[in-house]
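Reader: I've got a structure on my screen and I'd like to learn how to read it. Can you walk me through it, feature by feature?

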Amino acid sequence: MGDQREDAGRIVVGVDGSDSSKQALRWAVRQAELTGAAVEAVTAWDIPQFHGSLAWLPPSSSDEGALEARARQELEDAVEEAMGSRPPVEVRTVVRHGTPASVLLNAAREASLLVVGSRGLGGFAGLLLGSVAQHCVQHAACPVVVFREGTE
């Protein structure tokens, strides 16, 4: 017989540090408590489009390491702020290179649920649904919950 958490599945949550993503994480943890699932808090890092002073230059490996380390620290800080140091369920943090939508869609393969905030840090205030959330809703292989800010 398998582990209860394996049988219950995995809930993937996109976390970018925005209030919307922190609320989505809190909702996902409550859902995991009800279902016995594990939670995977996922963030993406990418190389800035204009790397270098006058033209695009390939980043050095130390730049890549610094970008990934910063993304990892920001994710851990966001999880701690949203959940405290002792969440009631297992919350794993995952940092991957790529665009947010592609990283989330890849992470959500074989997941039981994908949870995203309606708008991330780059979203325009008037939008009801950000581009990452919309892309995930259209292309995810599992059910998607879009958590609107202020609806906790």
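Reader: Let's start inside. Which residues have the most contacts inside the largest nonpolar core?

Author: Keep in mind that this is a predicted model. To find a core, you look for buried nonpolar residues whose side chains are joined through atoms within 4.5 Å. Here the largest such core has 25 residues, and I11, V13, L25 and V39 have the most contacts inside it. Two or more residues come from each of β1 (10-14), α2, β2 (38-45), α3 (61-83), β3 (91-97) and β4 (113-117). The top contributor is α3, with seven residues.

Reader: And what does I11 touch?

Author: Leaving out residues up to four places away in sequence, I11 touches A28, Q31, A32, T35, A37, A38, V39, E40, S112, L113 and V115. There's also another core, apart from the largest one, with 14 residues, including V94, L105, L114 and C142.

Reader: Let me step back, then. How many helices and strands does the protein chain have?

Author: Five helices and five strands. Read along the sequence, they follow the pattern α-β-α-β-α-β-α-β-α-β. As for contacts, take those between residues at least 6 apart in sequence: 76% of them join residues at least 24 apart.

Reader: What share of the protein chain is buried?

Author: Of its 152 residues, 38% are buried. The chain exposes about 8,800 Å², and carbon and sulfur atoms supply 50% of that.

Reader: Now the strands. How do I read β4, as enclosed or open to the outside?

Author: Check burial residue by residue, then look at each face. Five of the five residues of β4 are buried, so this strand is largely enclosed by the rest of the structure. On one side you have L113, V115 and G117, on the other L114 and V116, and both faces are covered.

Reader: Which way do β1 and β4 run, parallel or antiparallel?

Author: For pairing, you look at the bridges between two strands. β1 and β4 run parallel and are joined by three bridges, with V13 standing opposite V115 in β4. β4 also pairs with strand β5 (residues 144-147), in the parallel sense and over four bridges.

Reader: Which residues of α4 are buried, and what do they pack against?

Author: In helix α4 (residues 100-107), the buried ones are A101, V103, L104, L105 and A107. They pack against β1, β2, β3, β4 and α5 (131-139).

Reader: What about the loop between α4 and β4?

Author: In loops, backbone angles are worth a check. Most residues other than glycine have a negative phi. E110, which lies in that loop, has a positive phi near 65° and isn't a glycine. At 81% relative accessibility, E110 counts as exposed, because the cut-off for that is over 50%.

Reader: And is S112 buried, exposed or partly exposed; which is it?

Author: S112, in the loop between α4 and β4 too, is partly exposed, with a relative accessible area of 33%. Its C-alpha atom is 9.3 Å from that of A141, and the two residues are 29 apart along the chain.

Notes: Residues numbered from 1 in each chain as written. Predicted model: local features only at pLDDT ≥ 70, side-chain atom pairs only at ≥ 80, totals over all residues. Heavy atoms only, no water. Buried < 20%, exposed > 50% of the residue type's maximum accessible area, 1.4 Å probe, protein only. Contact = heavy atoms within 4.5 Å. Areas by Shrake-Rupley, 256 points an atom, 1.4 Å probe, with all protein chains shown as cover. Pairing = 2+ DSSP bridges.
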